[in-house]
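Please keep the sequence and the model at hand while reading.

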Amino acid sequence: MYYSNGNYEAFARPRKPAGVDKKTAWFVGSGLASLSGAAFLIRDGQLPGSKITILEELKLPGGALDGIKKPKKGFVIRGGREMENHFECLWDLYRTIPSMEVDGSVLDEFYWLNKDDPNSSLQRATVDRGQDAHTDGLFTLNEKAQKDIIKIFLASREEMEDKRIDEVFSKDFFESNFWMYWRTMFAFEEWHSALEMKLYLHRFIHHIGGLPDFSALKFTKFNQYESLVLPLYQWLLEQGVTFKFDTTVTDVDFDLSAKRKQAKRIHWVSEGVEGGVDLGENDLLLMTIGSLTENSDEGDQHTPAKLKTGPAPAWDLWRTLAAKDPAFGHPDVFAGDIEKTKWESATVTTLDQRIPEYIQKICKRDPFSGKVVTGGIVTAKDSSWLLSWTVNRQPHFKQQPKDQIVVWVYSLFVDVPGDYVKKTMQECTGEEITQEWLYHMGVPVEDIAELAANASTCVPCMMPYVTSFFMPRKAGDRPQVVPEGSVNFAFIGQFSETSRDCIFTTEYSVRTGMEAAYQLLDIERGVPEVFASTYDVRSLLAATSRLRDGAAIDLPGPQILRKRLMKRLEGNEIGELLTEFGLIGK
């Protein structure tokens with residue numbers, strides 16, 4: 001993959017690719033990867049939108065980027081997205097898309113919002129039913145745990161392949177605040193991939209210091225659907241893109257040989273009727289494979305969400321494709337053990353002023369102010385469910401009444417009985433999940449049942465595959481965005497392979513869509529490179545200092561330090577450098 005030469009290329013307009021007028025493009029799925037891929041084909045590839053068709057199993061676009069008000073249930077958000085400055089491909093996309101809120105782009109809207117109202121958390125964790133956990137921003141990593149992190153950071157990718165996190169970290173590490181911050185923020189379990197843990201450390205090394213208070217994060221004004229999906233969807237419609245909803249792609253025919261691979265036909269079932277389309281060399285096919293929200297099930301205030309383990313069209317399609325060629329990946333590495341990839345979230349909507357008073361006591365901000373509230377998740381450290389919750393800027397939905405607050409709740413341990421309800425989260429109704437949350441908020445026990453029944457509504461959502469991309473893996477388990485020899489097809493989304501970036505981010509989806517569009521059309525512009533903080537000694541020193549909980553480091557004077565750093569960097573001897581400065585043991 002060819003990467004960008006920075007601003008030199010960023011502000012230049014690519015020339016029209018040869019033969020683009022003869023091309024058409026088909027997308028499987030309408031998540032962010034497909035929506036962004038279509039946008040790049042139009043903007044940078046100059047492919048007319050009228051020649052692009054997006055096939056979607058559901059009745060609306062957006063994939064996992066959701067946010068909706070369901071009749072008779074209420075507001076629903078299955079999950080949220082945390083963003084940062086250096087989502088290079090995401091912001092490259094949204095500088096183009098007109099905002100639906102301000103006179104400018106979606107990027108302008110986002111930038112101005114977070115400049116005027118920067119994010120931070122005033123209380124990251126609680127214990128003893130809503131009391132401050134007094135983490136004080138400390139990581140509590142002892143020497144053994146610090147060495148664990150440095151060892152994984154300096155290890156090769158191959159050394160971390162097919163290993164679990166609990167196989168490479170010690171008990172000391174798992175007892176630290178760092179692990180509590182990390183696992184609840186990113187939804188890592190101890191049995192998840194050590195390789196993904198390593199990639200996250202590299203990708204976000206410049207934000208290590210912001211883990212305890214979320215000062216590194218940025219959020220949209222409204223839910224991710226209204227703030228990100230709708231403006232992009234509207235723009236694509238205006239460009240003439242066709243969306244074909246209620247359409248499940250069941251198979252793709254290929255002409256495969258050792259040196260050449262071509263997609264020949266798409267098979268689908270649309271509104272219950274079988275159909276398809278033949279593809280030639282000039283008909284591009286960009287396929288989203290796998291899905292973290294596949295087979296999601298919603299309960300309601302009085303009904304638990306169900307764990308659906310039956311047919312899963314997005315995964316079944318990938319299994320069908322993978323059987324045709326080893327280069328197409330190994331889906332069951334990710335989707336073969338639902339018990340290890342599931343967790344549950346819930347959307348609580350408050351109906352009067354009583355519950356918001358407890359929210360304000362913990363987050364130390366007025367939840368009705370329209371500004372940052374919790375600034376990210378608040379984790380109940382002593383919760384048996386390991387329950388976390390967050391309140392974003394309100395209103396979180398444009399149609400939300402001004403006297404209501406929408407709260408997102410999730411738990412990593414959905415099979416463990418609660419501390420108040422004495423049932424697993426998976427067994428609980430929305431009302432019971434609210435009771436457990438209110439208990440850890442510090443609501444008097446005698447008031448919990450009444451508030452959960454009359455002062456709020458709750459919609460639980462069980463997601464069987466939500467952390468499937470964190471399962472231990474090795475090279476080849478995910479297919480390349482454009483497999484070697486492909487003449488007209490690509491794999492996009494969270495389960496395709498792109499260099500150095502890490503999954504479970506909006507950036508990853510957009511990056512794969514961008515890489516696919518640029519390669520298939522041979523667009524004269526490099527894809528923006530992943531932010532290189534992992535190679536920046538300043539970031540490494542700052543992060544390592546924070547991992548030592550701010551302990552003073554005796555470094556040489558600035559001029560001497562600069563000369564020695566430059567000399568060492570010529571040989572790229574980062575490990576030796578950190579050792580010399582006492583940041584890791586000899």
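## The largest cavity

The lining of the largest cavity is made up of 24 nonpolar, 15 polar and 6 charged residues. The model in which this cavity is found is a predicted one, and its structure holds 5 cavities of 30 Å³ or more. The largest cavity contains about 740 Å³ of space, and among the 45 residues that line it, Gly80, Arg81, Glu82, Met185 and Phe219 are the closest to its centre.

The largest share comes from α8, which supplies 4 residues.

## The second largest cavity and helix α18

About 70 Å³ of space lies in the second largest cavity, whose lining consists of 10 residues, with Ile150, Phe153, Ile205, Thr544 and Leu547 closest to the centre. Here the elements that contribute two or more lining residues are α5 (143-154) and α18. By class, the lining divides into 9 nonpolar residues, 1 polar residue and no charged residue.

Helices α1 (7-10) and α3 (88-94) each provide at least two residues of the pocket lining, and α3 gives the most, with 3 residues.

## A parallel sheet of five strands

An open sheet is formed by 5 strands, which follow one another in the order β7-β2-β1-β11-β18 and pair in the parallel sense. Because β7 (242-244) and β18 (489-492) stand at the edges and have a single partner strand each, one side of each is left without a neighbour in the sheet. On average, and with direction ignored, neighbouring strands of this sheet are turned by 20° against each other.

At one end of that order, strand β11, which covers residues 283-288, pairs with β18 in the parallel sense over 4 bridges. Within this pairing, Leu285 has Phe489 of β18 as its bridge partner.

Where is Arg319 found? Arg319 belongs to helix α11, which runs over residues 313-322. The relative accessibility of Arg319 is 26%, and this residue therefore counts as partly exposed, given that the partly exposed class lies between the limits of 20% for buried and 50% for exposed residues.

When residues up to four places away in sequence are not counted, Arg319 touches Pro331, Asp332 and Ala335. Arg319 and Met197, by contrast, are 26 Å apart in space from C-alpha to C-alpha, and 122 residues apart in sequence.

Terms used:
Residues are numbered from 1 along each chain as its sequence is written. This is a predicted model: local features need pLDDT of at least 70, side-chain atom pairs count only at pLDDT 80 or more; totals for chains, interfaces and linings use all residues. Side-chain values use heavy atoms; hydrogens and water are left out. Two strands pair if DSSP finds at least two bridges between them. Axes are lines fitted to C-alpha atoms, for helices over the stretch in contact, and angles run from 0 to 180 degrees between N-to-C directions. Buried means under 20% relative accessible area, exposed over 50%, partly exposed in between (1.4 Å probe, protein chains only). Contact means heavy atoms within 4.5 Å. On a 1 Å grid over the protein atoms alone, a cavity is a set of points where a 1.4 Å probe fits but cannot get out, and a pocket is an open set with protein on both sides within 12 Å along at least five of seven lines; lining residues have an atom within 4 Å of a point. Grid points are joined across faces, edges and corners, and a volume is the space filled by probe spheres set on the points. Ala, Val, Leu, Ile, Met, Phe, Trp, Tyr, Cys and Pro count as nonpolar, Asp, Glu, Lys and Arg as charged, and the others, Gly among them, as polar.
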